[in-house]
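Reader: I've got a model to look at and I'm a bit lost. Please walk me through how to read a helix and a sheet.

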Amino acid sequence: MYKLFCTILLISLPAKTYGEFEFKNPDCHTQADVADVTLRLNLNENPFGHSPLVNVAIAEALDRVGFSSVYADAPVAALQQDLAAHFRIDVKNILITPGSTEILTALPEAFAKENPNANFVTHKLAYSEFKSQGKKVLAVREAELNLDLRVNLDNIAKLVDSNTAFVILANPTNPTGHVIPDQLLRPFLIKMRDRGVHVVLDGAYQEYISDSSYRAPYEYQREFANVIAIGTFSKAYGLAGLRVGYTIGGTAETKAIKKAIGASIPSTSALSAVAAAGALRDAPWLLRNVIATRANVADLHSGLRGLGFETYGHDTSFILVRTAIPAKQFTDALHGKGILIHDMTATYDSPHLVRITSGTLEQNKILLAAIKTLGIR
Ligand SMILES: Cc1ncc(COP(=O)(O)O)c(C=O)c1O
């Protein structure tokens, strides 16, 4: 039944044109175990797919004799070189992993340094899974946010002590969707450097930001030896299914992370590495994708505000929204219409918050119409 719905949806949606940039209508996102799902707006996946240069790179690579029959050292090394040139950073400071999740999971072990009292510090509403995993190795300290759910770096600094193995922050933040501006972050990084504390800056959504007050994590890493920058090809580059993430840090730090991951051979596949290199080459596609996403987020944001919702950050590809009814009830009602969004109740103990990924303009319209039809808020 849902396949029929998908087909009708695809036929009825015209391709969207932004300047000369034409997006193909994305396939309906499906999930093998959730057959009734039409739209996945719960995982911050890119609704526009990926650059056509990814297809070219994969096709060329598969044509090469021996490409798939040898381990991925060469394509991973090539991607490392490409990233080094892209970020203007030494190649020895870059570690490639299947995704940034693998890096996050390895951090506690990489930096605990056999200290039984070690802790790591982050803030409320972030990194639910990572925190519950990390807790097994290190104590977790969570700083309170400001009332508008913005990160409060003073609160974080107060939780840092001599047993702190690292501080971790996403910038832009997830799920709150804010940019932490340079004028706030820089003094914090200086403070942490003076105290000898590592700061992990996660730039999963960095490509979406053009705000002049924003500096991407890798930019800080060039300046601060205590910064470890994380990035991923899963979001703006649209390669979540291919699994490519990276760390930029000092050689001791990347070595420690690599050891904690336990990878003795390159841990992402050859195909994924060439795909990421192809994506990196297509700066015009990335820019058009980002412009379209920002326009769609703005449109979704005004649609949600028009329906009376209170919203938080919408600086990237998703919006954090306060619901009047319990978030679970709200999420379940949309699920009944085949639309998945992220309920924060179980994960973050926030019974009235949901995170909604912006889809295409048409997908966002479907979401807004479903909310209206259901009469939920
Ligand atoms: C802030 C942040 N960091 C890291 C990740 C992990 O991304 P991946 O493992 O796909 O690279 C996500 C995924 O949603 C994220 O939101």
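Author: Let's start with the labels: helices (H or I, at least four residues) and strands (E, at least two) are DSSP runs, numbered from the N terminus. Keep in mind that this is a predicted model.

Reader: Which residues of H3 are buried?

Author: Here's the general idea: an α-helix has 3.6 residues a turn, so residues three or four places apart point the same way. In H3 the buried ones are Pro75, Val76, Leu79, Gln80, Leu83 and Phe87. They sit on the same side of H3 because they cover an arc of only 145 degrees around the axis. Their cover includes strand E4, helix H8, strand E10 and helix H10. On the face turned away from that buried side, you'll find the exposed Asp73 and Ala85.

Reader: And the sheet: what order do its four strands have?

Author: In general, strands of a sheet pair through backbone hydrogen bonds, either parallel or antiparallel. Here an open sheet runs E11-E12-E15-E14, with antiparallel pairing. E11 and E14 are the edge strands, each pairing on one side only. Between E12 and E15 there are five bridges, and Val321 stands opposite Val354 in E15.

Reader: Which helix packs on the sheet, touching E14 and E15?

Author: That's helix H12, whose direction makes about 35 degrees with that of E15. Helix H11 lies across E11 and E12, at about 10 degrees to E12.

Conventions:
Residues are numbered from 1 along each chain as its sequence is written. This is a predicted model: local features need pLDDT of at least 70, side-chain atom pairs count only at pLDDT 80 or more; totals for chains, interfaces and linings use all residues. Two strands pair if DSSP finds at least two bridges between them. Two residues are in contact if their C-beta atoms, placed from the backbone, lie within 7 Å. Axes are lines fitted to C-alpha atoms, for helices over the stretch in contact, and angles run from 0 to 180 degrees between N-to-C directions. A residue is buried if 20 or more other C-beta atoms lie within 10 Å of its own, exposed if 12 or fewer, and partly exposed in between; C-beta atoms are placed from the backbone. The arc is that of the directions from the helix axis to the C-beta atoms.
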